[in-house]
Amino acid sequence: FEKLMLKDAVMESMKNQSYFLIKEHFQIEMELEGLFVYSDRRWLVYLLDQLIGNSIKYRREEPALFFGGKKLSGEEVVFWVEDKGRASVFV
């Protein structure tokens, strides 16, 4: 595990899925500034790839993704992903 910026992991995953995000005209919003997590980068990006891939697969008209997070007390961080697909996804 390593300390990494959550925004960097999300950006890497979005880059992996960029062809489909652009092709399907996804609107992306992000509120992750200054949030760090301790994780395995490879597995975190893999998980995000799966979430984004499902959002693309089950999109509706005017697809959108929102990545949000907030620091609680100490080093505790809450992170969530929302979409406008058939069902919202929360992590």
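**Close-up 1. Helix 1 meets helix 3.** Helix axes here are lines fitted to C-alpha atoms over the stretch in contact, with angles taken between N-to-C directions. In this predicted model, the axes of helix 1 (residues 6-16) and helix 3 (residues 41-57) come within 9 Å and cross at roughly 55 degrees. That makes the two helices oblique to each other, and their crossing is right-handed. On the helix 1 side, the contact is made by Leu 6, Asp 8, Ala 9, Val 10, Glu 12, Ser 13, Met 14 and Asn 16. Helix 3 answers with Arg 41, Leu 44, Val 45, Leu 48, Asp 49 and Ile 52. Sorted by type, the residues of this contact come out as eight nonpolar, two polar and four charged.

**Close-up 2. Leu 4 and its neighbours.** Leu 4 sits in strand 1 (residues 2-5). Leaving out residues up to four places away in sequence, Leu 4 touches Ala 9, Leu 35, Phe 36, Val 37, Ser 39, Arg 41 and Leu 44. Take Ser 39: 35 residues from Leu 4 in sequence, yet 7.3 Å away in space, C-alpha to C-alpha.

**Close-up 3. Two aromatic pairs.** A search of the whole structure turns up two of these pairs. Tyr 19 and Phe 20 pair edge-to-face, 5.1 Å centre to centre with 85 degrees between the planes. Tyr 19 is exposed at 55% relative accessibility, while Phe 20 is partly exposed at 40%. Trp 43 and Tyr 46 have ring centres 5.5 Å apart and planes at 80 degrees, so this pair is edge-to-face. Both lie in helix 3, three residues apart, about one turn of the helix. Tyr 46 is partly exposed, at 44% relative accessibility.

Notes
Residues numbered from 1 in each chain as written. Predicted model: local features only at pLDDT ≥ 70, side-chain atom pairs only at ≥ 80, totals over all residues. Heavy atoms only, no water. Helix = DSSP H or I, 4+ residues; strand = E, 2+ residues; numbered from the N terminus. Contact = heavy atoms within 4.5 Å. Axes fitted to C-alpha atoms, helices over the stretch in contact; angles between N-to-C directions. Parallel < 35°, antiparallel > 145°, perpendicular 65-115°, else oblique. Left-handed = near helix turned anticlockwise from the far one by under 90°. Nonpolar A, V, L, I, M, F, W, Y, C, P; charged D, E, K, R; others polar. Phe/Tyr/Trp six-rings, centres within 6.5 Å; stacked < 30°, edge-to-face > 60°. Buried < 20%, exposed > 50% of the residue type's maximum accessible area, 1.4 Å probe, protein only.
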